[in-house]
Amino acid sequence: MLKHAIPPARFYSQVPNEIIRHPRLSSDAVRLLTWALSMADEALEALSDTARRAGIGKCAFTRAKRQLVAEGFLHEWRRQNDEGRWSTQQMISNVPLTPAEAASARDGRPSPRFPAAGEPKGRSVGRPLKNTEENNDNPPSPDRPADRGREGKRAPASPAAAGTVPAPLLERGGQALAAVSHAEPRLRLSGREVRALAPLAGDWLQRGATVADIREALTQWLPEQVLSPAGLIRDRLTRKRPAAPTFAKQRAAARSPFEAHDAPRVADMRECAGDHVQPRLFRPVGDETLCGTCRCDEAEAGGGTDAAIEAAHRGGALARELLRARRTKAVA
């Protein structure tokens, strides 16, 4: 696809790609959000009026508004004044916000997501540390309940980054990281960071882990402030990586429960000696040479009724013995 784009010199808005390419927002929701974000800060217009100007119908506006509220781009508060009249206050944002963060932004308080600027402090006494390529960090143990916001900045490289992860698992790992990034604001990643960390997540899937395991490992015991989401995710994916399954476990997982017998299924079958258009195989119970259909036809014709009954009794007894042996083996 060819693209010819001229950067505008005036009258334009900057919209994050996360909004334009959001997987859970419809086209009406994206249009409504971008239209509202393009308006001036002093413009006091209800979102329903914005939807009317954008050409969005009532039903489509209701669905778009529900999606924006669910994803954290729209927040509403209903208030009652002294005269008993109700009013609705709306706020939109270009990043997903929790109700507490939205209330802080509405009241002008510092958001808990970003650290507030503190008072300047003097320099500590002593020589600066020598900048070397050696990793001197002492990462916390896996049993530690909380991690630092700067953990994993210089995590050791994983062998999965060398291209040993298959392409399908690499894609699934990237999708798992993107889902975690959209669900947890403190672990917000860019597209470049998702692609860089996808081999580590794909290595987890290759070792037998599930997407739920990756999500739990990345979101459990998160600190209140994460200064480097990509570094934290890289450290946890490297440090908490599950052990590779042994060869015996791989063989056991690859084998189907129906492959318990080493011999082929047709090894104990016999060709029927009756009159058939094509050869018919059946599994004999004893030394009979006819299939069940031929034996029934022979019994109805009056020849060999006793033999058919005897064969049926032998078959029932043998079937009961096989079921009893299988049940005993399962209990053991």
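What share of the contacts in the chain with a separation of 6 or more comes from residues 24 or more positions apart? In this predicted model, the share is 52%, where a contact means heavy atoms within 4.5 Å. Residues are numbered from 1 along each chain as its sequence is written, and side-chain values use heavy atoms, with hydrogens and water left out.

Let me begin with the overall make-up. The chain has twelve helices and four strands, taken as DSSP runs numbered from the N terminus, with helices being H or I over at least four residues and strands being E over at least two. Of its 332 residues, 27% count as buried, which is to say under 20% relative accessible area, with exposed meaning over 50% and partly exposed in between, for a 1.4 Å probe and protein chains only.

I turn now to the helix pairs. Two packed helices are described by the angle between their axes and the distance between the axes. Helix α6, residues 167–183, packs with helix α8, residues 211–219, at an angle of about 45°, and their axes are 10 Å apart; the axes here are lines fitted to C-alpha atoms, for helices over the stretch in contact, and angles run from 0 to 180 degrees between N-to-C directions. The two helices are therefore oblique to each other, given that angles under 35 degrees count as roughly parallel, over 145 as roughly antiparallel, 65 to 115 as roughly perpendicular and the rest as oblique. On the α6 side, Arg-172, Ala-176, Leu-177 and Val-180 meet Val-211, Arg-215, Leu-218 and Thr-219 of α8. The residues of this contact divide into five nonpolar, one polar and two charged, where Ala, Val, Leu, Ile, Met, Phe, Trp, Tyr, Cys and Pro count as nonpolar, Asp, Glu, Lys and Arg as charged, and the others, Gly among them, as polar.

Helix α8 also has a contact with helix α7, residues 191–206, and there the axes come within 9 Å and cross at roughly 130°. That makes α7 oblique to α8. Ala-201, Trp-204 and Leu-205 of α7 make this contact with Val-211, Asp-213, Ile-214 and Ala-217 of α8, and its residues divide into six nonpolar, no polar and one charged.

Finally, I would like to look at α9. Ten of its eleven residues are buried, so α9 is largely enclosed by the rest of the structure, and its buried residues pack against α6, α7 and α8. Ile-233 has its place in this helix and, at 1% relative accessibility, counts as buried. Leaving aside residues up to four places away in sequence, Ile-233 touches Leu-177, Leu-187, Leu-189, Leu-197 and Leu-218. Ile-233 and Leu-177 are 56 residues apart in sequence, yet 9.0 Å apart in space, C-alpha to C-alpha.

Note on methods. This is a predicted model: local features need pLDDT of at least 70, side-chain atom pairs count only at pLDDT 80 or more; totals for chains, interfaces and linings use all residues.
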